[in-house]
Amino acid sequence: MIKKITAVLLSAAMLFAFAACGNTDTGNNNGADAPKTDITVCLDWTPNTNHTGLYVALEKGYYDEAGLNVTIVQPPQDSGSVQVCASGQAQFAIEAQDTLAASFASDTPLGITAVAAILQHNTSGIISKAGNGMDRPAGLTGKTYLTWDSPTEQAMLENVVNGDGGDWSKVNLEPNLVTDEAQDVNINPDHAIWVFYGWGGINAEVNNIDIDYFYFKDINPIFDYYTPLLLANNDFINSDPDTVKAFVAATSKGYNYAAENPEEAANILIESDDTGALTGSETLVTESQKWISEQYIADADKWGYIDAARWNGFYAWLWENKLIENEIGTDFGFTNEFLPA
């Protein structure tokens, strides 16, 4: 889950390959003769319901109306969306606050800024088979946790398990090689796995698998960080802030539409996916969309808003627990200035 971020430059040829296989805005063509600004957005993963608002904005022509020609691409295998965005190969990207920590804490921080929160709260937590005592963190004591072997991941688990009265030292750790968490815990009742409820939890519901689940944010509010986020390249922000504002506004419109029309939005996502990742999972996508549409804005005043106290609090916890190389400054790495009023 937590990746060591390193700054790498990607070749122009790679960008050409992105554009060749990406989704491009073919929506309403208002002012067809007017020149449009080309924008590339790099996802953090294959298309899923975290990304629906982007595809809705494409399909509904919101980007086109804003004078933007938007292409959505997948991250390359040898690097991630953060590197693509920081190097200027994409103007925007999707990533999570925890994953960004290493980039921001580096001696040479990458030139990226979070400009919107896609989900208002951290929906990740621990899934296990119902009735096996892992409905709270302390119940992992003596059980098996499937880990990515990330220091931050394990530090968070240790915090919630011990804080709940359990004993992290007595949790058996095994490598996480699972692709279907719901099926795994159904077969292995002593397993606990970190998932995001909007996909892993809904997958269990769709397959009628009874599970227990707890959210990290409910055990320790410091873990209510932002995941995922919309990022922008700093050089692009500085050189063309009006286009950044136009893109964020159109994206906001897409997510607001998805929040109000989840079933239609799910269909748009399914039809827009040219990777094949969603083929055969149409029911899961639709049910996931119904659930996650309520998470886009949740209790915030508007889509995209990033709360400084929550942002700073999580990075302060990482520093206090020696999980990052350098302290991340207050309010560093995000802005709300490009969100619509």
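## Cores, salt bridges and backbone features

L54 touches V41, L43, Y63, I72, I94, F247, T251 and Y255, when residues up to four places away in sequence are left out of the count. The model described here is a predicted one, and the values that follow should be read with that in mind.

L54 belongs to the largest nonpolar core, a set of 56 residues in which L54, Y63, V70, F92 and F247 touch the most other members. Helix α11, spanning residues 241-260, gives the most to this core, with seven residues. Apart from this core lies another one, which has 44 residues, among them C42, L100, V171 and W317.

Turning to charged side chains, the count of salt bridges comes to nine.

| Pair | N to O separation |
|---|---|
| D167 and K170 | 4.0 Å |
| R310 and D224 | 3.5 Å |
| E263 and K290 | 4.0 Å |

The salt bridge between R310 and D224 has its closest N and O atoms 3.5 Å apart. This pair links distant parts of the chain, with R310 in helix α14 (residues 308-320) and D224 in the loop between α9 (216-219) and β11 (229-233), the two being 86 residues apart. Are the two partners buried or exposed? R310 counts as buried because its relative accessible area is 17%, a value under the 20% limit, and D224 is likewise buried, with a relative accessible area of 10%.

E263 and K290 also form a salt bridge, with 4.0 Å between the closest N and O atoms. Here too the pair links distant parts of the chain, since E263 lies in helix α12 (residues 262-272) and K290 in helix α13 (residues 282-292), 27 residues apart. E263 is partly exposed because its relative accessibility is 48%, and K290 is partly exposed as well, at 33%; both values fall between the limits of 20% and 50%.

In the remaining tabulated pair, the side chains of D167 and K170 meet at 4.0 Å, N to O. D167 is partly exposed, having a relative accessible area of 26%, whereas K170 counts as exposed because its relative accessibility is 55%, a value over the 50% limit.

The backbone holds some further features that a reader inspecting the model may wish to locate. Most residues other than glycine have a negative phi, and most peptide bonds are trans. Where does the chain contain a cis peptide bond? The bond from T227 to P228 is cis, with omega near 0°, and P228 is found in the loop between α9 and β11, which is also the loop that holds D224.

N208, a residue other than glycine, has a positive phi, near 55°. N208 lies in the loop between α8 (197-206) and β10 (211-215), and it counts as exposed because its relative accessible area is 69%. D331 has a positive phi too, of about 65°, although it is not a glycine. D331 is found in the segment after α14, and with a relative accessible area of 40% it is partly exposed.

Notes: Residues are numbered from 1 along each chain as its sequence is written. This is a predicted model: local features need pLDDT of at least 70, side-chain atom pairs count only at pLDDT 80 or more; totals for chains, interfaces and linings use all residues. Side-chain values use heavy atoms; hydrogens and water are left out. Buried means under 20% relative accessible area, exposed over 50%, partly exposed in between (1.4 Å probe, protein chains only). Helices (H or I, at least four residues) and strands (E, at least two) are DSSP runs, numbered from the N terminus. A nonpolar core is a set of buried Ala, Val, Leu, Ile, Met, Phe, Trp, Tyr and Cys residues joined through side-chain atoms within 4.5 Å. Contact means heavy atoms within 4.5 Å.
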